[in-house]
Amino acid sequence: MRRLFLSSLSWTYLVGAYAFIFLPVVVLVLFSFQDGRLPVPPFNGFSKQWYEAVFADRKLMAALGNSLLVALASSIVACLLGFLAAYGLARYRLPASALQRGLLIAPMTVSYLIIALGLLAVLNALNVPLSLMTVGIGHVVINLPLCFAIIYASMGDHHINIERAARDLGANDFKVMVLVTAPMLMPSILAAFFLSVTFSWDEFIIAFLLSRFDVTLPVEIWSMLRSGLNPKTNAVGSLVFLVSVALLLILELFLFGRTRKQ
Amino acid sequence: MTAPVSIENVTKTFGGFTALDNVTLDIRAGEFIVLLGPSGCGKTTLLSILGGFLSPSAGRIVIGGRDMTYVPPAKRPTTTMFQDYALFPHMRLVDNVGFGLRMRGLAKVERNEKALGFLELVGLKASAGKRPHELSGGQRQRVALARALAVDPDVLLLDEPLGALDLKLRRQMQDELKAIQKRVGTTFVHVTHDQEEAMAIADRIVVMNQGRIEDFGPPSEVYMRPRSLFSAGFMGEVNFVPGRIREADGRSAQVETSLGDIALPAANFPAAAPNAGDAITLTIRPEHFRTSDRTDGPLIALGDARVVGSAFFGTHYRCHLEPQGAADRTLVAHLPQSADVGEGEIIPLAVRAADVVALPPASGNA
């Protein structure tokens, strides 16, 4: 009896915890199929009309394209810079390397709002006009520490001899990096890349403050919200969520799964 | 290809620690050299200096007549086979073996053909498409060997390559290494701390201790005629018997020991000619003791000894003996299978004069 009580208690807790985490998302997705004009209960029945509306909306589609562009480009740059920094700090004896590592990771602890305001001030002072490029710069600033940390953590000492062997067989530093180090670290480089894409894809504050005419999807959704709740925002929100989930699944299945096997 | 190697007065210090202390060594082209010593003796440092991964603090490295002291590893006619094999985990075996050829600009077809040839040499041609993580330790080791040999180095440096293998596989790989070295003719410099391995494969063994070369010669010479107490002790089990030279002329010497007086020819003093009055340590291998009923040549009687312990080892009995003249000292002797001695038995002990090596006593570094 006591055991039954305890086990039902733990099950209730489990269900409660997951409900707390996922209920908002479930509600969002559910009401994106609302057959009616308001995304609030009661649920009137299924309809695909809001998705059709989303795909027919030029501005939304343009923003989606912008988001993809910014996410991919800023993630490639962040991974490249993160890899180079990790390689340098892991393989060479540099002055104050502990401090340099700390400085590289430090932006993680600063709020996006502060980073965006700081960049805004800098860009103004330099007379750089706001554009998707400046949003991309902001995303590199927030994702570089992440990429650096992930790639640096995977650069083990056991790789040193492998790089030595490559050098011994006649490879120069550049070839060692491109043909040996980077491919060996590919799982963690890809992990950093996909995480960075998801973060950039969802990011609002920096994208909002550092963009002007061309905007990313979260910024476009925000301007839609200003005209009131609408199942169309639910539909586009669900799409954003779907893409993030897909990226995480790719990461989990193809990268973390593979490294476990090895 | 193959080349001779000269190590000239090489010293290497790390901060205040002297890893190599004025080491000079000449290696002939095509020789299989083993650097043997305990960990920390400087053998791996010497190998790294030969490979170009470290620069000596002083001295010179000459390979094939060219000064290589400060030439980087990629530009040296050497390749190194690393202890952990250091295979490229993301490449197939054929690409691993062909990597050096790729760096030398060989076209893909040609380089794959050559790489397959070297994989065949080590018996892994059928696995050419596999990746390193699909292989066993012994197989990885072979791939590392093939990869290092594929660029046709003059000198192959092997850093304890058999250390990670189990004993049986290690013995088998020793034979293979030796056979492959004979076939390719490359100079091999091999580092190990296993004296059996050294004897199994080396043309000449370099015994190292505390950054210095203690002994250098063919395995039989280093074992039978060690030039230092350290070398004698490292190459196998040995009994040290301290003594004093009572008198010496050019051809022989009388040595006073707790086992009695022993007359030895001057040839048995490999380190320095005997001088009357000098302290000396006699080294006797356990298998050189004879129970004096077995006569095969002139024997030196060492008096009677009591058997205090005996164990059968298959090829011999390993016995602990207490000499009657010096009860505070125990000797280890390997007696033949036929000896059949029991504990407590008193047996007469003898040794052939030629089997005793007299060395200066330890001066604190053995």
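These legends go with several close-up views of a predicted model.

A quick note before you look: residues are numbered from 1 along each chain as its sequence is written, and chains are lettered from A and ligands numbered from 1 in the order in which they are written. Because the model is predicted, local features need a pLDDT of at least 70 and side-chain atom pairs count only at pLDDT 80 or more, while totals for chains, interfaces and linings use all residues.

**View 1. Chain B as a whole.** Here you see 8 helices and 20 strands (DSSP runs, numbered from the N terminus: H or I with at least four residues for helices, E with at least two for strands). The C-alpha atoms fill a box of roughly 75 × 45 × 35 Å along the principal axes. Of the 366 residues in chain B, 41% are buried (20 or more other C-beta atoms within 10 Å of a residue's own; 12 or fewer makes it exposed, and in between it is partly exposed, with C-beta atoms placed from the backbone). The average pLDDT of chain B is 87, and 97% of the residues score at least 70; pLDDT is the predictor's confidence in each residue, from 0 to 100. For the complex, the predictor gives an ipTM of 0.77 and a pTM of 0.78.

**View 2. The two domains of chain B.** Domain 1 covers 5–233 and domain 2 covers 237–359, with bounds that come from an automatic or database domain assignment. Taken over C-alpha atoms, their centres are 38 Å apart. Where they meet, 7 residues of domain 1 of chain B are in contact with 8 residues of domain 2 of chain B (contact: C-beta atoms, placed from the backbone, within 7 Å). The domain 1 side of this meeting place has 3 nonpolar, 2 polar and 2 charged residues. In this sorting, Ala, Val, Leu, Ile, Met, Phe, Trp, Tyr, Cys and Pro are nonpolar, Asp, Glu, Lys and Arg are charged, and the others, Gly among them, are polar.

**View 3. Where chain A meets chain B.** Chain A brings 17 residues to the contact, and chain B brings 18 residues. On the chain A side, α7 (158–168) and α8 (173–184) each supply at least two residues. The most come from α7(A), with 8 residues. Sorted by class, the chain A side has 8 nonpolar, 5 polar and 4 charged residues.

**View 4. Around A71(A).** You'll find A71(A) in helix α3 (residues 58–91) of chain A. A71(A) counts as buried because it has 26 C-beta neighbours inside 10 Å. Leaving aside neighbours within four places in sequence, A71(A) is in contact with V197(A), S200(A) and W201(A). V197(A) sits 126 residues away along the chain, yet the C-alpha atoms of A71(A) and V197(A) are separated by 5.0 Å.

**View 5. A hairpin in chain B.** Strands β9 (residues 204–209) and β10 (residues 212–217) of chain B run antiparallel and are joined by 5 bridges. Follow I205(B) across and you reach G217(B), its bridge partner in β10(B). The hairpin has 2 residues between its strands, and Q210(B) in the turn has a positive phi of about 50 degrees.

**View 6. An open sheet in chain B.** Here 5 strands line up in the order β15-β19-β16-β17-β18 (chain B), with antiparallel pairing (two strands pair if DSSP finds at least two bridges between them). The edge strands, β15 (289–291) and β18 (331–335) of chain B, each pair on one side only. Inside the sheet, β16 (residues 299–312) and β17 (residues 317–323) of chain B are joined by 7 bridges. V307(B) has L321(B) as its bridge partner in β17(B).

Conventions
Contact = placed C-beta atoms within 7 Å.
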